[in-house]
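Trainee: I would like a close look at one part of this model. Please start with an overview, then go to the detail.

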Amino acid sequence: MGFKLNGKRSVCWLWLGCLNKKGYGMCGRKTHLDENYAHRYMYKKYKGRLSYKKELDHLCLIKRCIRPLHLESVTSEENCRRKWNNNPHIAKVLRKLTDNQVRKIRRLRETTKLSYRDIGRKFGVNAGSVYQIILGRSYMHVEGSL
Ligand SMILES: [Zn+2]
């Protein structure tokens, strides 16, 4: 892994057990209890208390990494903000469209009978992306016509 921490290469500890649908390491039963998330378990074991209200940000961006050194506890707002602003991968995949285009996509779906695929074709994105945009799951920061 090419992750650097304070200028030094830092190897990820990849969880080899089960992963949940989102790609996070799970131990124990697959419920959403804190202890069942491998990275949360490791963080608590090595770094101490962790409020259930706090999320752990993977500084290395590797979801299945469980190295406590690569995890930072943040509020969910902060975590969300970082995902948008600091994650080059997400920025590239999701931020292909301008805010205006997103509004247009939502408006098209409301005012026409075009399919997700037809709308996507106009903007150079696939049907899945259009679906996420219309549901408001992506481009949450764009207001209006939701
Ligand atoms: Zn890591």
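How many helices and strands does the protein have? After that, please take me through helix α1: which of its residues are buried, and what covers them?

Mentor: The protein has six helices and six strands. Helices are DSSP runs of H or I with at least four residues, strands are E runs of at least two, and both are numbered from the N terminus. In order from the N terminus, the elements read β-β-β-β-α-β-β-α-α-α-α-α.

Some ground rules. This is a predicted model, in which local features need pLDDT of at least 70, side-chain atom pairs count only at pLDDT 80 or more, and totals for chains, interfaces and linings use all residues. Residue numbers start from 1 along each chain as its sequence is written.

Confidence comes next. pLDDT is the predictor's confidence in each residue, on a scale from 0 to 100. Its mean over the protein is 82, and 83% of the residues reach 70 or more. Your helix does well here: α1 has the highest mean pLDDT of the elements, 93, while helix α3 (residues 88-94) has the lowest, 51. Where pLDDT is low, the predicted coordinates should not be read in detail.

Now α1 itself. Its buried residues are A38, H39, R40, M42 and Y43. Buried means 20 or more other C-beta atoms within 10 Å of the residue's own, exposed means 12 or fewer, and partly exposed lies in between, with C-beta atoms placed from the backbone. For scale, 20% of the 146 residues of the protein count as buried. The cover over α1 includes β4 (25-26), β5 (54-58) and β6 (71-75). After the helix comes G48, with a positive phi near 100°.

H39 counts as buried because it has 24 C-beta neighbours inside 10 Å. Leaving out residues up to four places away in sequence, H39 touches Y24, G25, L56, C65, I66 and L71. Touching means contact: the two C-beta atoms, placed from the backbone, lie within 7 Å. C27 is twelve residues from H39 in sequence, and their C-alpha atoms are 9.4 Å apart.

The largest nonpolar core holds twelve residues: W15, Y24, M26, Y37, A38, M42, Y43, L56, C60, C65, I66 and L71. Helix α1 (residues 38-47) gives the most to this core, with three residues. Apart from it lies another core of eight residues, including L97, I105, I119 and I134. A nonpolar core here is a set of buried Ala, Val, Leu, Ile, Met, Phe, Trp, Tyr and Cys residues joined through C-beta atoms within 7 Å. In soluble globular proteins, nonpolar side chains tend to be buried together.

Beyond four places in sequence, H70 touches S10, C12, H58, L59, C60 and C65; C60 and C65 are members of the largest core. Its C-alpha atom is 9.3 Å from that of V11, although 59 residues separate H70 and V11 along the chain. L61 sits in the loop between β5 and β6 too. L61 counts as partly exposed, because it has 17 C-beta neighbours inside 10 Å. Its phi is positive, near 65°, in a residue other than glycine.

Among contacts with a separation of 6 or more, 43% join residues 24 or more positions apart.

Helix α4 (residues 99-111) packs on α6 at about 85°, with the axes 10 Å apart. So α4 is roughly perpendicular to α6. Axes are lines fitted to C-alpha atoms, for helices over the stretch in contact, and angles between N-to-C directions run from 0 to 180 degrees. Under 35 degrees counts as roughly parallel, over 145 as roughly antiparallel, 65 to 115 as roughly perpendicular, and the rest as oblique. V102, I105, R106 and R109 of α4 meet V130, I133 and I134 of α6.
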